[in-house]
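Here is a short tour for someone meeting this structure for the first time. Have the viewer open and follow along.

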Amino acid sequence: MKLQYKITLFMTIILVIVIGGIGILTHKQLEKTIETQMGNNAMDLAVTIAAMDTIKETLATTKDYRIIQNTIESFKHKTRFQYIIVMDMDGIKYSYPIEYDLGKKYISGGEERVLKTGEAYVSKDKNVLISAIRAFAPIHYNGKQVGAVLVGLLTNKVYEEIRSHIFIFELTLVLGLLIGVIGAAILSFNIKQTIFGLEPKEIALLLGQRDIILQSLKNGILAIDQKGDIILFNKAARKIFGFESDDIGKNISSFNSNYTDSIMDALKTQKSVYNQEIRISPGKTLLCSHTLLRNHKKDIIGVVSSFQDLTEVKQMAEELTGIKKLTSALRAQNHEFMNKLHTISGLIQLGEYDKAIKYISDISNQRQEILGILNYKIRNAHIAGILLAKYNKAIEAKINLVMDPNSNLTKIPENITVDEICSVIGNLIENAIDELVKVENGKIIVKLISDDEGLRIWVEDNGPGIREEIKDRIFDRGFTTKAKSRGYGLNIVKQIVDNAGGTIKLLQDNGTIWDIFIPMERGR
């Protein structure tokens, strides 16, 4: 049976039981109340008749049937009680609705107690012919009981009088039941619409399928409600963040990280975020999209976040980029070597042997100087490699790249990776080269110093500098003044330094100076 029919049937049965039970109990209570009221009214009339002097005196002295019958007949026409009997102590009837029964003994029963004990009481007389409420009251004359009076009220007469009221009550019950059934049908229909016409088995199947799909996704999925409490996460999210099953219901703010700040910002600003790179720990970066969750009324009820670990992708990209940079560096070095050979060859052909020897000595000294600093002062092969590659590229572009002889790099901060340091240095030098190709006698000075406090990166050039009107925008993703660039370099530098807890200072002194400091420990 479909859910809609089950709900309707169940509600109908409940309504029938409840309304039917109320109706039966109310009818019984009404019947009891009516009979009690009938008995009280009959007893009041019986006591009144028993107190009439004519009845008492006649019954005690003359015992004239006619006087008592006429008195009762004239009296009962004024009331609703048509069933009034006066009898003596032997049960002989002195008044009766049917006159030919006068003088005969009352045989319907029920009068024994009033005649023997003189007690007034109410009893119910019910047989196949009639149903009546009877009140018995003793008649006393001069302190002695001389008979009794019986006042009866036919039940069917009373019910005929209140039949319209009973009908209205029964009609109300039926209408209430009908309205309840219609309401149950409407409720079941609305419930069916709310669950998109699906049956419970179909809903259970969909939920099972949803869970299987979410858990099988390689991308992480995490959802929070409008309060920031976690309502769902899949296996990939559990692996990346180390969630436990009992973390469902906890507030995402309790998990302190850059990712937490990002998803809460999306919830507070009520703006979706797409393809945002977030560094959650040294060497681990996520590509995240935060989409607002809305209900059928378009109200925001939370945020669902999908993310993937870019660590492997970035490592592969960096390896590929490294190969490309190495190839470019070798090409630049080969061009520069060929140029130098052509220069030496020309000097020899011209017979300028001394100049050729001096030229070779200058080149050798210059090369030995940069290699000496990279070999003995820069103790990391990756960083030394990127510096040598940029040195060769600068030389090819006729730019003088100088390593400060006071440079000394022995330690790497714990909040940044070597690849990220290479990215910072490479982007800054690359930007300097792009600017210096436009001027003569371009020069770049690079200085790297590490100690117990942190790592300082100094890149200085004598280029035209950065215009004042664009200083506030240079770190914006996609902003560039170069036609072929995508404007990501300085944005990447900014993200890396911020995530490592470092600072960036931009100085203008006959060119551009970048002064970057990264602490050895976060918070220092």
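Lysine 93 sits over the face of tyrosine 96, 4.0 Å from the ring centre. A charge counts as over a ring if NZ of Lys or CZ of Arg is within 6 Å of the ring centre and within 35 degrees of the ring normal. Lysine 494 does this too, over the face of phenylalanine 475 at 5.4 Å from the ring centre.

A word on what you're looking at: this is a predicted model, where local features need pLDDT of at least 70, side-chain atom pairs count only at pLDDT 80 or more, and totals for chains, interfaces and linings use all residues. Residues are numbered from 1 along each chain as its sequence is written, and side-chain values use heavy atoms, with hydrogens and water left out.

Confidence is highest in strand 13 (residues 454-461), at a mean of 92, and lowest in helix 10 (residues 311-349), at 64. Where pLDDT is low, the predicted coordinates should not be read in detail.

Next, the sheet. Helices (H or I, at least four residues) and strands (E, at least two) are DSSP runs numbered from the N terminus, and two strands pair if DSSP finds at least two bridges between them. Five strands make an open sheet in the order 7-6-10-9-8, with antiparallel pairing. Strand 7 (230-233) and strand 8 are its edges, each pairing on one side only.

| Strands | Bridges | Sense |
|---|---|---|
| Strand 8 (residues 273-281) and strand 9 (residues 284-294) | six | antiparallel |
| Strand 9 and strand 10 (residues 300-309) | nine | antiparallel |
| Strand 6 (residues 220-225) and strand 10 | six | antiparallel |

To find your way around, valine 273 has histidine 290 in strand 9 as its bridge partner, and threonine 291 has valine 304 in strand 10. Leucine 222 stands opposite serine 305 in strand 10. Strands 9 and 10 form a hairpin with five residues between them, and lysine 298 in the turn has a positive phi of about 70°.

Now for the rings. The whole structure holds eight aromatic pairs; rings of Phe, Tyr and Trp (its six-membered ring) pair if their centres lie within 6.5 Å, with planes under 30 degrees apart counted as stacked, over 60 as edge-to-face and the rest as tilted. Tyrosine 259 and phenylalanine 307 are edge-to-face because their planes are at 70°, with centres 5.3 Å apart. This pair links distant parts of the chain, from helix 9 (residues 258-269) to strand 10, 48 residues apart.

Phenylalanine 475 and tryptophan 514 have centres 6.1 Å apart and planes at 70°, so they are edge-to-face. Phenylalanine 475 is partly exposed at 23% relative accessible area, whereas tryptophan 514 is buried at 6%.

Notes. pLDDT is the predictor's confidence in each residue, from 0 to 100. Buried means under 20% relative accessible area, exposed over 50%, partly exposed in between (1.4 Å probe, protein chains only).
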